[in-house]
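Thanks for asking me to look this one over. I have put my notes in the order I would walk through them with you at the screen.

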Amino acid sequence: MPNKRIGIIGTGIMGSDHARILTAGIADAELAGVQDASRERAEALATETGARVFADPQSLISDPDIDAVMVCSPDPTHHPLALAAIAAGKPVMVEKPLASTLAEAKDVIAAEMKHGRRLVQVGFMRRFDPGYCAMKAELTGGRLGQALFLHCIHRNAIGPDYLTSDLVISSSAGHEFDIARFLLDDEIVAASVISPRASRLAPNRQPQFIVLESASGIVVDIEVFVDCGYGYDVRGELVCEKGTISLNPSPATTLRHAGHDGYQTPPDWRPRFAEAYRIQMQAWVDALSGRPNDGASAWDGYRAIQVTEACLKASRTGTRIAVPDDVRPGFYA
Ligand code: ISE
């Protein structure tokens with residue numbers, strides 16, 4: 001079977017990372033094209049990977065030598081480019097979030113359903129992280145009993161300048177919204193948010209403390225602090241009736257040296273989730289040949305945005321906000 005020819009739109013941090021993962025050893029796929037608003041940046045990646053450079057997103061999407069597309073360009077472009085890929089009948093992996101608003105996410109769902117075949121996967125890579133997968137398997141196995149709490153911590157060393165308090169919820173906590181639904185196999189029905197004062201080192205945005213309630217009665221709490229200073233740190237503990245299961249820090253080794261005993265903390269999320277990104281990529285490529293996977297669908301992307309919007313409203317009003325309980329269309333069963 002010939003390799004699937006992948007085109008990547010957006011060659012910034014995530015697009016370049018995906019390109020390197022793809023070229024480093026994903027079976028049955030090759031990086032065939034790249035495109036970026038900065039031609040220079042696209043060309044640099046093309047030189048490194050041997051991919052062809054496209055002048056604009058549409059020419060990459062419609063090219064007969066591109067079988068499937070990854071959208072890694074800035075968030076506001078996700079919605080139009082997902083629609084363009086659906087219109088061309090090409091499978092598309094859209095980096096999270098699926099869209100910038102609920103209305104846009106609904107558009108993508110409507111277009112995909114009209115097309116009649118599932119084409120969209122959203123890049124919520126934690127679904128492929130071995131740690132989260134082990135937590136899910138343990139919960140499903142039943143030995144711990146029913147879940148009661150999911151405690152989550154999401155810390156970045158230092159957020160980029162453009163990251164506002166709202167984006168901390170949509171861009172960063174969005175991962176927890178999706179992984180909570182996936183892990184617990186449950187829907188989020190309500191959200192409350194409180195914020196401590198801003199760190200004096202990052203006065204332009206506040207850390208957030210989010211409490212979500214699930215339909216079956218599980219409480220999920222999430223600390224999101226993108227300016228913790230020391231490194232990238234994602235934690236999770238699932239508390240059940242008969243025990244708990246926690247994520248371990250990802251490094252395989254502990255270093256004792258010069259008065260220090262512990263783990264190195266990575267500067268950002270790529271080393272922490274390297275394995276998740278690799279497994280996600282292989283699973284997506286395999287799905288192009290018809291093998292289903294547990295990746296997030298456009299419906300999951302839409303639900304994550306619904307939780308985001310409830311959190312934004314909860315944060316503004318200081319009240320508990322119900323998340324609408326939309327019925328999942330059979331198309332996304
Ligand atoms: C970023 O966009 C990501 O996707 C990372 O996984 C997350 O940890 C970070 O906070 C986001 O800004």
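The points below go through helix packing, then the spaces inside the model, then a few backbone details.

1. A word on the source before anything else: this is a predicted model. Please read every value below as computed from that prediction.

2. Let's start with helix H5 (residues 102–115) and helix H11 (residues 298–317). Their axes come within 9 Å and cross at roughly 165°. Angles over 145 degrees count as roughly antiparallel, and H5 and H11 are therefore roughly antiparallel to each other. The crossing of this pair is left-handed.

3. Which residues make the contact between H5 and H11? From H5 come Leu 102, Ala 105, Lys 106, Val 108, Ile 109 and Glu 112. H11 brings Ala 298, Trp 299, Tyr 302, Ile 305, Gln 306 and Glu 309. By class, this contact has 8 nonpolar residues, 1 polar and 3 charged.

4. H11 also packs with helix H7 (165–172). Here the axes are 9 Å apart and the angle is about 155°, which makes H7 roughly antiparallel to H11. The H7 and H11 crossing is right-handed, whereas that of H5 and H11 is left-handed. On the H7 side you will find Asp 166, Ile 169 and Ser 170, which meet Thr 308, Cys 311, Leu 312, Ser 315 and Arg 316 of H11. The residues of this contact divide into 3 nonpolar, 3 polar and 2 charged.

5. Now for another pair, helix H1 (13–23) and helix H10 (residues 274–288). Are they roughly parallel or roughly perpendicular to each other? The axes of H1 and H10 come within 10 Å and cross at roughly 70°. That angle makes H1 roughly perpendicular to H10, and the crossing is right-handed. Met 14, Asp 17, His 18, Ile 21 and Leu 22 of H1 are in contact with Tyr 277, Arg 278, Gln 280 and Met 281 of H10. Sorted by class, the contact has 5 nonpolar, 2 polar and 2 charged residues.

6. Next, the largest pocket. Its volume is about 870 Å³, and 33 residues line it. Nearest its centre lie Ile 13, Met 14, Tyr 162, Ser 171 and Trp 269. H1 and H7 are the elements that give two or more residues to the lining, and the largest share, 3 residues, comes from H7. Overall the lining divides into 16 nonpolar, 11 polar and 6 charged residues.

7. How many cavities of 30 Å³ or more does a search of the whole structure find? The search finds 2. The largest has a volume of about 40 Å³ and is lined by Lys 96, Pro 97, Phe 124, Ser 170, Gly 174, Ala 304, Ile 305 and Thr 308. H11 gives the most to this lining, with 3 residues. There are 4 nonpolar, 3 polar and 1 charged residues around the cavity.

8. Phe 225 lies in strand S10 (residues 219–225). In sequence, Phe 225 and Val 168 are 57 residues apart, with 8.0 Å between their C-alpha atoms. Leaving aside residues up to four places away in sequence, Phe 225 touches His 154, Arg 155, Asn 156, Ser 199 and Pro 207.

9. Finally, two backbone details to check. Most residues other than glycine have a negative phi, and most peptide bonds are trans. The peptide bond from Lys 96 to Pro 97 is cis, with omega near -5°. Pro 97 sits in the loop between strand S5 (92–94) and H5, and both Lys 96 and Pro 97 line the largest cavity. The other detail is Asp 28, which is not a glycine but has a positive phi of about 65°. Asp 28 is in the loop between H1 and strand S2 (29–35).

Methods:
Residues are numbered from 1 along each chain as its sequence is written. This is a predicted model: local features need pLDDT of at least 70, side-chain atom pairs count only at pLDDT 80 or more; totals for chains, interfaces and linings use all residues. Side-chain values use heavy atoms; hydrogens and water are left out. Axes are lines fitted to C-alpha atoms, for helices over the stretch in contact, and angles run from 0 to 180 degrees between N-to-C directions. Helices (H or I, at least four residues) and strands (E, at least two) are DSSP runs, numbered from the N terminus. Angles under 35 degrees count as roughly parallel, over 145 as roughly antiparallel, 65 to 115 as roughly perpendicular and the rest as oblique. A crossing is left-handed if the near helix is turned anticlockwise from the far one by less than a right angle, and right-handed if clockwise. Contact means heavy atoms within 4.5 Å. Ala, Val, Leu, Ile, Met, Phe, Trp, Tyr, Cys and Pro count as nonpolar, Asp, Glu, Lys and Arg as charged, and the others, Gly among them, as polar. On a 1 Å grid over the protein atoms alone, a cavity is a set of points where a 1.4 Å probe fits but cannot get out, and a pocket is an open set with protein on both sides within 12 Å along at least five of seven lines; lining residues have an atom within 4 Å of a point. Grid points are joined across faces, edges and corners, and a volume is the space filled by probe spheres set on the points.
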